[in-house]
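Me: Hey, could you walk me through this one? I'm new to reading structures.

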Amino acid sequence: MDSAEWDARYAAADLIWSATPNRWVAAELAELLPGRALDLACGEGRNALWLAARGWRVGAVDFSKVALAKGRQAAQSAGVERIEWVEADLLGYQPEPRGYDAVIIAYLQVPADERRLVLAQAAAALAAGGVLLVVAHDSTNLTDGVGGPQDPAVLYTAADVRADLAASGLTIERAEPVLRPVEGEPRPAIDALVRATR
């Protein structure tokens with residue numbers, strides 16, 4: 001989907017995603033001391049808002065101007081500052097090298113060559129001691145889970161991300177499928193989760 005299609009999707013409902021942070025983002029980053037964070041493909045900004053409310057300075061990047069406008073409004077309503085909202089396509093976006101203490105990529109479902117490019121930029125943006133967290137709809141959702149895109153070309157596994165980051169100089173601390181309960185569904189969704197540090 002391109003930015004216009006995402007704009008239309010975001011314009012069609014008050015919130016496409018929940019107002020609360022992604023469960024894995026909250027679980028993996030809650031204990032970190034606030035610093036500077038980068039939320040790539042931030043959507044409506046739920047993870048950026050959560051981080052900023054905890055004292056982080058956040059760059060929130062997405063190519064949907066509608067999603068970013070909703071994020072700005074939510075931040076204003078909540079009295080949350082410390083977020084820089086950036087409209088940009090991640091395929092051309094160049095974050096500050098080694099400028100961030102945490103980088104998040106949550107549910108960026110793109111073809112493998114695009115994923116590798118974004119992951120390389122994310123890894124390069126990570127400062128010494130920083131944490132890169134990648135969460136995605138796992139490929140096994142097609143057969144064993146629920147939700148997410150049904151196009152295998154944009155699904156991937158934690159092992160795929162580990163391989164993509166092999167030359168990044170990062171240390172992989174966690175790379176595995178994780179189960180996420182989905183309300184009203186008899187089986188959970190399967191997410192790919194990777195946590196890496198510099």
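Predicted model: local features only at pLDDT ≥ 70, side-chain atom pairs only at ≥ 80, totals over all residues.

Me: How many bridges join S1 to S4, and do they run parallel or antiparallel?

Reply: There are 4 bridges between S1 and S4, and the two run parallel. Strands (E, at least two residues) and helices (H or I, at least four) are DSSP runs, numbered from the N terminus, and two strands pair if DSSP finds at least two bridges between them. Residues are numbered from 1 along each chain as its sequence is written, and side-chain values use heavy atoms, leaving out hydrogens and water.

Me: Ok, which residue in S4 is the bridge partner of leucine 38?

Reply: That's valine 103.

Me: And how many bridges join S4 to S5?

Reply: S4 and S5 are joined by 6 bridges, and they run parallel too. Isoleucine 104 is opposite leucine 133 in S5, and isoleucine 105 is opposite valine 134.

Me: Why is S4 called largely enclosed?

Reply: Because 6 of its 7 residues are buried, S4 is largely enclosed by the rest of the structure. Buried means under 20% relative accessible area, with exposed over 50% and partly exposed in between (1.4 Å probe, protein chains only). S5 is largely enclosed as well, since 10 of its 12 residues are buried.

Me: New topic: helix H5. What does it pack against?

Reply: Its buried residues pack against strands S1 (36–40), S4 (100–106) and S5 (126–137), plus helix H7 (158–164). Those buried residues include Val118, Leu119 and Gln121.

Me: What about the core, how many residues has the largest one?

Reply: The largest nonpolar core has 29 residues, and Leu40, Tyr93, Val103 and Leu132 have the most contacts inside it. H5 is among the elements giving two or more residues to this core, and so is strand S7 (189–197). A nonpolar core is a set of buried Ala, Val, Leu, Ile, Met, Phe, Trp, Tyr and Cys residues joined through side-chain atoms within 4.5 Å.

Me: What does tyrosine 93 touch?

Reply: Leaving out residues up to four places away in sequence, tyrosine 93 touches Leu38, Leu40, Val61, Val86, Ala88, Tyr100 and Gln121. Contact means heavy atoms within 4.5 Å.

Me: Last one: which arginine lies over tyrosine 100?

Reply: Arginine 36 lies over that ring's face, 4.3 Å from the ring centre. A charge sits over a ring if NZ of Lys or CZ of Arg is within 6 Å of the ring centre and within 35 degrees of the ring normal.
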